[in-house]
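Open the model in your viewer and keep the selection panel at hand. This tour goes stop by stop, with what to select and what is there.

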Amino acid sequence: MFKIKENDIDILETNEWLQSANSIINKNGYKRLNFLINKIINNIYKVNINFKKIFEFNYINTINYTNEPKYPGNLNIENNICSAIRWNAIITVMRASNKKLDLGGHMASFQSIAMFYEVCFNHFFKASNKTDEGDIIFFQGHTSPGIYSRAFLEGRLSKNHLNNFRQEIFEKGLCSYPHPKLMPNFWQFPTVSMGLSAINGIYQAKFLKYLKNRSLKDTSKQKVYVFLGDGEMDEPESKGAITIATREKLNNLIFIINCNLQRLDGPINGNGKIINELEKIFVGADWKVLKLIWGSNWDKLFKKDKTGKLIKLLNETNDGDYQNFLTKDGNYIRKKFFGRYKETYKLVENLSDKEILQLNRGGHDFIKIFAVLKEAYKSNKPTVILVHTIKGYGMGKNFESQNIAHQVKNMSIKELYIFKKNLKLNISVKKIENLEYISFKKNSIEYNYIQKCRKLLNGFIPNRNTYIKNKINIPNIKFFKSLLKKQKKKISTTTVFIKILILLLKNISIKKYLVPIIADEARTFGMENLFRQIGIYNSNGQKYIPQDINKFSYYKEDKNGQILQEGINESGAISSWLAAATSYSVNNLQMIPFYIFYSMFGFQRIGDLLWAASDQQAKGFLIGATSGRTTLNGEGLQHEDGHSHIYSLTIPNCISYDPTYAYEISIIIQNGIKRMYGKNKENIYYYITVTNENYNMPKISRNIKIGILKGIYKLESLNGGNNKIQLLGSGAILRNVRRAAYILLSEYNISCDIFSVTSFTELTRDGQDCERWNMLHPNKIPKIPYIQKILNNLPTIASSDYIKLFSEQISKFLPNNYYIALGTDGFGRSDSRVNLRYYFEIDSFYIVIASLNLLYKNDKINKFTLNNAFLKFNINIEKKNSRII
């Protein structure tokens, strides 16, 4: 693994050390050798020697050519198949480009990894069927044309599909990248948002272990393959969770990093070595690291290299030079690369320039690829394969390893002819000019070979499952009856949620499919009682005595624990939630995940993962706790959330609510389970905000269930005044709205209808749907938005704990000059809830002022009444706007 940087000045002494090490292994085993090495290392630390200056990694294959297994397939046939796939991938992108529609597409990425994929498809990737569980594969996003091309040769896609690559609207063609939303029977995972595949792959692998350890499913034979680009590894999500894989002993996880040494614009580490850089990182994280750098044509050179100068040369050459050499001819490489040392120059003296050019990279060699995959497959720890490839491999000198390779979307006929020649394909000039696809006739050698290989591996991949093995029995609303009543004491909506979760955990038919997920805030949310009840999942069990063992709610970790406690790691927690939320399509097993978190550290922090969740058709509940800019009162600017609902409304299949009372939350969650896991199995997920403010919870009234789910219902009416106004409130601020109503009636003789708005977003979506339908059907009776059915044509005030934009959504569906939205625009502050609500101008007094102002504008009251109210409620009319302070 390591090489000594200094030259060996005493070969005899070196051999004595090596012989001693072998003797220790033979006599006392590896543990004894490990003990001695640790002693030596500790001694080195004492004398303050820098390890980085002692050890470095050799730039050679992990598996020596002498240890390679026999290749199990027919190399000639597989090469023919791979060449046809590579050709079709290029033609697919070229046909799209030639339409002059600016459709885009990528050629070079797939060409760099095509041979690796082919070995996987023929010998490793297991599909899932009704009897066997298959592997989980995250395909590198930019390689999608090649995956489509293989599916075409398999008979799963037609020429029409390929011809309409990136044209999905009218032509019903293929989507640009892997998107389950757009191709729900094909792609499993969206992978082109750089970095997300890595963290999602880790937590999918962890979730497989979770299912097995909880005896929900035997996942012991499944592997998770994650294909990544070396440039993609710059993303924090790509490397940030790799120690989790070690901690969880994810021997079912294999990363394949396509190291073509290039980002989208140029070299990743031109002055260094990205493979060595990544190797050090993964070795440090205790992964098994397998390097595949050089192809079989190098084997003879390594065998002839008796001086070690070849390895020294490979170690010293940086990525920028490797990339440059690939653009040069054989004579240049002979002089400028091998010519650096007389010993290495001598190694290639009998090679022609053409043979020097044929010194291939490991990622373009079937035999080497199989060897490294087989080694990875039997690994007992998480494994990463660092595979050296050439971007645009085979496309010719105009493209191979060029900095512009990623942007290439077209080729000239001359360049295409060179590509055809490099692939050794027998295609006529006419077919080249017509950009014709290669296809295999049924019962041809290649067609039969593909079918046979995939049959042995259970079927075709990629393929998204459409059958589910378990049925969820939906609890009816009566199951939550204890929460539909008036609560005996003041409680928060967070406590209500915990009560609902505890109820569900007592439901025999549903409890084992629940997946509570937290990011190290269980005690904040009052969930600690669940530690003992259902346990915290830990793949290692609990090998220590917890400090609080004598307490009822002690910290109980268990190998079959149910809670996924992901630590201070929101990205990891949502990745676990996503694994559970898509288990129905990945594992054929429906799970119901509840991830509860600080709402400020939800959508704002992990928005890209939540967008991926929507693409992947996730199902489950996100509970944004301690929500509201003034409700989480003491935490200040970084913690106080006043805008998470703005983020959530941007996701089309995210259903969001901001409830106030226990019965509202109960109805929303029961309906959510029904919609996602009942007869219709809607591909949606829920975002529900809950708070930490304790107050009285009334009992449910009659005939309001529909309104709660639609987004609004009348809570009460205060009548008897000369004028009338409508007051809307959501979440904790609804109580301020109710207090304002009593002030308006008692002190200003103004009647009020008070409405609880559980979802401004759902009301807006309904209104937009009605508007669209009306626009497209002018000859039909117009549809009426639900909010217009509920509200009267009266002045209306809305107040919430979120920025004004949240409640302003509905303004389009209300009369002009009849609506004011109050909100918490600006940065959070630390203070009491009373002071914060005054500061952000959403408290009862400001609601009264806004109501009087609107009535004044509509000539319902006089100016004196309005001006007097400013004085009465101590409103500073020169106070700066909270948004700009």
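Buried means under 20% relative accessible area, exposed means over 50%, and partly exposed is in between, with a 1.4 Å probe and protein chains only. This is a predicted model, where local features need pLDDT of at least 70, side-chain atom pairs count only at pLDDT 80 or more, and totals for chains, interfaces and linings use all residues. Residues are numbered from 1 along each chain as its sequence is written, and side-chain values use heavy atoms, without hydrogens and water.

**Stop 1**

Select Glu693 and Arg833. Their side chains meet in a salt bridge, 3.9 Å from N to O. The term means a side-chain nitrogen of Lys or Arg within 4 Å of a carboxyl oxygen of Asp or Glu. This pair links distant parts of the chain, 140 residues apart: Glu693 is in the loop between strand E15 (685-689) and helix H30 (705-710), and Arg833 is in helix H35 (residues 833-839). Helices (H or I, at least four residues) and strands (E, at least two) are DSSP runs, numbered from the N terminus.

**Stop 2: strand to strand**

Move to Asp753 and Lys724. They form a salt bridge, with the closest N and O atoms 3.3 Å apart. Asp753 lies in strand E18 (residues 750-757) and Lys724 in strand E17 (residues 723-729), so the pair ties together parts that are 29 residues apart in sequence. Colour by accessibility here. Asp753 counts as buried at 0% relative accessibility. Lys724 counts as partly exposed at 31%.

**Stop 3: helix to helix, and a network**

How many salt bridges does this rule give? The count comes to 33. For one of them, select Glu118 and Arg150, whose side chains meet at 2.8 Å, N to O. Glu118 lies in helix H5 (residues 108-123) and Arg150 in helix H6 (residues 144-154), so this pair ties together parts that are 32 residues apart in sequence. Both Glu118 and Arg150 are buried. Salt bridges that share partners join Glu118, Arg150, Glu154 and Arg156 into one network.

**Stop 4: a positive patch**

Show Lys212, Lys249, Lys543 and Lys559. They form a positive surface patch. Patches are made of residues with over 30% relative accessible area and no salt bridge; like charges are joined within 9 Å, nonpolar side chains (Val, Leu, Ile, Met, Phe, Trp, Tyr) within 5 Å. Lys and Arg count as positive and Asp and Glu as negative, while His and the chain ends are not counted. Zoom in on Lys249. It sits in the loop between helix H10 (242-247) and strand E5 (253-259). Its relative accessible area is 49%, so Lys249 is partly exposed.

**Stop 5: strand E5**

Which strands pair with E5? Strand E4 (residues 224-229) pairs with E5 in the parallel sense over 6 bridges. Strand E7 (residues 383-388) also pairs with E5 in the parallel sense over 6 bridges. Two strands pair if DSSP finds at least two bridges between them. Centre on Ile257. Leu228 stands opposite Ile257, and Ile257 stands opposite Leu386 in E7.

**Stop 6: a negative patch**

Select Asp8, Asp10, Glu13 and Glu16. They gather in a patch of negative charge on the surface. Asp10 is in the loop between strand E1 (2-4) and helix H1 (11-28). With a relative accessible area of 34%, Asp10 is partly exposed.

**Stop 7: backbone exceptions**

Most residues other than glycine have a negative phi, and most peptide bonds are trans. Check Ile461 and Pro462: a cis peptide bond joins them, with omega about 0 degrees. Pro462 is in the loop between helix H21 (445-456) and helix H22 (481-484).

Next, pick Gln617. Its phi is positive, about 65 degrees, although Gln617 is not a glycine. Gln617 lies in the loop between helix H27 (603-615) and strand E13 (621-625). At 7% relative accessibility, Gln617 counts as buried.

End at Glu841. Phi of Glu841 is near 65 degrees, again a positive value in a residue other than glycine. Glu841 is in the loop between H35 and helix H36 (844-857). At 24% relative accessibility, Glu841 counts as partly exposed.

Technical notes. Areas by Shrake-Rupley, 256 points an atom, 1.4 Å probe, with all protein chains shown as cover. Charge placed at Lys NZ, Arg CZ, Asp CG, Glu CD.
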